[in-house]
Amino acid sequence: NTTFEYMWSLYENANYLSNVKSTSLSPRLYILPQYTLKPSTIYTVKVNVLVRMYAEGKSLIAKASDSVTFTTGQSGVSATISGGTQQQLSPGDNYVFDATSSYDVDYPTTN
């Protein structure tokens, strides 16, 4: 009989992020919701695994750990001007260009 215990942790520039939790239903996976991480930031994900083995009346415990460090990218802005890419204006006309549909790709809900 063998059991595994997984302990995950996330670090932002070496600072432990205790408030960020995985949404995975499996303890073997570490899954974060989209937009949890900041763009252009260094992160480290660490896992510690504790293995308990029971056989022939004996109990054995083994430990292992691993980590990965990565930098998130930055996507920029998606710019959109209402009315299409070609518009005709007459001299002397007043016109307002509307770019309210534009958004920051890294934070699409904060336009």
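I began with Leu17, which I found in the loop between strand E2 (15-16) and strand E3 (42-55). The model I am reading is a predicted one.

Is Leu17 buried or exposed? I noted a relative accessible area of 16%. Leu17 is therefore buried, since the cut-off for that class is under 20%. I then listed what Leu17 touches, leaving out residues up to four places away in sequence: Leu10, Glu12 and Tyr43. I also looked up the separation of Leu17 from Ser78. The two are 61 residues apart in sequence, and their C-alpha atoms are 30 Å apart in space.

Next entry: Ser9. I placed Ser9 in strand E1, residues 2-12.

Then I turned to Ser102. I located Ser102 in the loop between strand E5 (77-78) and strand E6 (103-104). Ser102 has 16% relative accessibility and therefore counts as buried. I also looked up a polar atom of the Ser102 side chain, and the backbone nitrogen of Thr80 lies 2.9 Å from that atom.

After the single residues I went to the chain. How many helices and strands does the protein chain have? I recorded 0 helices and 6 strands. Read along the sequence, the pattern is β-β-β-β-β-β.

For overall dimensions, I noted that the C-alpha trace spans about 90 × 25 × 20 Å along its principal axes. The radius of gyration of the protein chain is 25 Å, whereas a compact globule of 111 residues would have one near 13 Å.

The accessible surface comes to about 8,700 Å². Carbon and sulfur atoms account for 52% of that surface.

On contacts, I took those in the protein chain between residues at least 6 apart in sequence, and 56% of them join residues at least 24 apart.

My last entry is on charge. I have 7 positive and 8 negative charges for the protein chain. How far apart are their mean positions? I noted 23 Å.

Note on methods. Residues are numbered from 1 along each chain as its sequence is written. This is a predicted model: local features need pLDDT of at least 70, side-chain atom pairs count only at pLDDT 80 or more; totals for chains, interfaces and linings use all residues. Side-chain values use heavy atoms; hydrogens and water are left out. Helices (H or I, at least four residues) and strands (E, at least two) are DSSP runs, numbered from the N terminus. The radius of gyration is taken over C-alpha atoms; the globule rule is 2.2 Å times the number of residues to the power 0.38. Contact means heavy atoms within 4.5 Å. Accessible areas come from the Shrake-Rupley method with a 1.4 Å probe; for residues, only the protein chains shown count as cover. Lys and Arg count as positive and Asp and Glu as negative; His and the chain ends are not counted. The place of a charge is taken as NZ of Lys, CZ of Arg, CG of Asp or CD of Glu. Buried means under 20% relative accessible area, exposed over 50%, partly exposed in between (1.4 Å probe, protein chains only). A polar contact is a pair of N or O atoms within 3.5 Å; within protein, one must be able to donate a hydrogen and the other to accept it, and residues adjacent in sequence count only if both atoms are side-chain atoms.
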